[in-house]
Amino acid sequence: MKQILFIFVCCAVLLTGCKKEENNETPKTVAQRTVMVYMSGDNNLSKVVMDDIKEMLQGASSIPHNCNLVAFIDRNIGSEKPYIAQITKEAKLDTLYKYTSDFYASDPEQFSDVLKQIATLCPAKEYGLVLWGHASGWIVESDTIAQRRAYGVDTSKWMNITQMARALKGLKDQNVLPKLSFIFADCCNMMCVENGYELREVTDYLMGSPAEIPGRGAPYQAIVPQLFKSGSDLYKGIIDNYYDYYADYNNLDYSEKYTWPYMKDGYSVPLSVIDTKYIGDLADRTHDMLERATGGYPQYPESPDLTAIAYYLYNTSNNSDVMYDMKAIMERLLSADDFKLWNTTYQQAVPYCRISLMWMSQFWQQQQAFSTFNPDLQYGCVSMFIPRQGSGYSYGNMAYNKTSINFGWNQVMDWKRFGWE
């Protein structure tokens with residue numbers, strides 16, 4: 001969908017630029033859970049925002065009586081300004097808060113203030129967050145409001161995941177929000193291990209796809225009931241309903257489809273969950289196991305052989321393939337015994353996934369690459385950065401080898417020990 005993306009001036013500015021609806025003066029009852037849907041749609045997704053709102057309304061009857069489903073809606077539709085609305089159990093969209101001026105939803109401070117406002121309007125014991133929009137995993141330019149990649153593009157601005165993590169940690173440290181019960185990323189390429197590690201202090205679970213997702217996004221009529229579950233029921237419910245919806249959709253007879261001409265029967269959207277309790281253990285285990293790569297981990301300027309390993313993004317702006325499947329990488333690097341040991345930790349950190357070796361892609365080149373994946377390797381639907389030579393990695397406006405160090409995961413990996421500066 002919602003290809004790269006994933007944002008977010010200050011409280012005083014927001015307070016002077018907003019107004020409450022009159023019915024918000026009544027103190028709110030503290031709910032068990034408030035699910036916040038951050039719809040960063042001031043971009044080419046503007047026209048589909050309300051399609052997903054309608055799907056949420058279809059699933060609204062399943063919202064528990066002591067829970068809230070609230071959406072921040074930012075679109076590029078005429079003079080419309082951003083607003084906050086509640087999807088009620090009675091399938092109504094009730095506006096709770098209106099902004100009188102526009103702003104970048106991809107500004108971290110604005111992102112923080114919007115979530116703070118939702119917590120004020122609909123206080124709860126626990127919170128979940130749905131990230132709706134564009135995203136690009138670990139691809140960044142600088143640790144500020146980036147012009148390319150990350151999450152939540154608004155016009156031409158993006159919010160890096162490192163910034164998102166700091167914004168959420170600030171809300172947690174100020175006791176505005178507790179640690180989130182989950183983040184469900186309904187956007188592209190969010191399931192990389194770098195994101196999971198970066199967000200480990202602010203959410204229990206991170207769910208989504210390592211790949212590009214369909215433009216229609218999640219089937220919210222089926223997803224809404226799952227947003228109010230807990231533990232394995234939560235992440236299995238979201239992943240299974242998302243996966244099964246597209247598996248069924250893509251198995252329709254071609255004449256019944258409104259879709260890309262090269263879509264094939266029998267595939268869906270690769271999806272996974274990261275349990276952040278174990279992501280630190282996975283980082284340490286991966287760091288150590290790289291030292292034990294069969295034949296030794298390649299030293300700069302060489303890099304591991306990634307031929308026929310699934311990758312989840314082909315970046316046409318610099319002709320680079322990125323975001324290779326982490327599990328397949330480690331299986332190729334390690335002996336059978338070492339991989340088995342590493343995989344025990346991986347399965348704790350990634351307790352559930354649904355694998356699809358074919359999925360919707362915007363790029364023909366990417367679709368061609370999908371057809372060359374080695375089906376004998378094990379895939380886990382979480383990607384991992386590997387430093388490499390070539391376009392996009394060593395030079396250009398993204399220079400992955402340099403910018404990726406912004407992520408804590410890569411600091412633990414310490415690529416310098418293999419000669420990568």
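**Helix packing and buried residues in the predicted model**

The crossing of helices H9 and H10 is right-handed. This description rests on a predicted model. H9 spans residues 326-333, and H10 spans residues 336-349. Their axes lie 9 Å apart, at an angle of about 160 degrees. Angles over 145 degrees count as roughly antiparallel, and H9 and H10 are therefore roughly antiparallel to each other. On the H9 side, the contact is made by Met326, Lys327, Met330 and Glu331. On the H10 side, Phe339, Trp342, Asn343 and Tyr346 take part. Five residues of this contact are nonpolar, one is polar and two are charged.

The interior was examined next. In soluble globular proteins, nonpolar side chains tend to be buried together. The largest nonpolar core of the model holds 95 residues. Phe111, Leu115, Leu129 and Leu168 have the most contacts inside this core. A separate core has 43 residues, including Ile87, Ile213, Tyr220 and Ile238. Beyond its neighbours within four places in sequence, leucine 129 contacts Met36, Tyr38, Phe111, Leu115 and Leu168, among others. Its partners also include Leu180, Phe182, Ile183 and Phe184.

Leucine 199 sits in a loop, between helix H5 (193-198) and strand E11 (205-208). Its relative accessibility is 0%, so leucine 199 counts as buried. Leaving out residues up to four places away in sequence, leucine 199 touches Ile161, Met164, Ala165, Leu168, Ile183, Leu206 and Thr276. Leu168 and Ile183 are also among the contacts of leucine 129. Leucine 199 and glycine 408 are 209 residues apart along the chain. Their C-alpha atoms are separated by 10.0 Å.

Glutamine 117 belongs to helix H3 (residues 108-121), whereas isoleucine 84 belongs to strand E4 (residues 83-87). The two residues are 33 residues apart in sequence, and their C-alpha atoms are 8.8 Å apart in space. Buried means under 20% relative accessible area. Glutamine 117, at 11% relative accessibility, therefore counts as buried. Isoleucine 84 is buried too, with a relative accessible area of 0%. Not counting residues up to four places away in sequence, glutamine 117 touches Ile84, Tyr97 and Tyr99.

Definitions and conventions: Residues are numbered from 1 along each chain as its sequence is written. This is a predicted model: local features need pLDDT of at least 70, side-chain atom pairs count only at pLDDT 80 or more; totals for chains, interfaces and linings use all residues. Side-chain values use heavy atoms; hydrogens and water are left out. Axes are lines fitted to C-alpha atoms, for helices over the stretch in contact, and angles run from 0 to 180 degrees between N-to-C directions. Helices (H or I, at least four residues) and strands (E, at least two) are DSSP runs, numbered from the N terminus. Angles under 35 degrees count as roughly parallel, over 145 as roughly antiparallel, 65 to 115 as roughly perpendicular and the rest as oblique. A crossing is left-handed if the near helix is turned anticlockwise from the far one by less than a right angle, and right-handed if clockwise. Contact means heavy atoms within 4.5 Å. Ala, Val, Leu, Ile, Met, Phe, Trp, Tyr, Cys and Pro count as nonpolar, Asp, Glu, Lys and Arg as charged, and the others, Gly among them, as polar. A nonpolar core is a set of buried Ala, Val, Leu, Ile, Met, Phe, Trp, Tyr and Cys residues joined through side-chain atoms within 4.5 Å. Buried means under 20% relative accessible area, exposed over 50%, partly exposed in between (1.4 Å probe, protein chains only).
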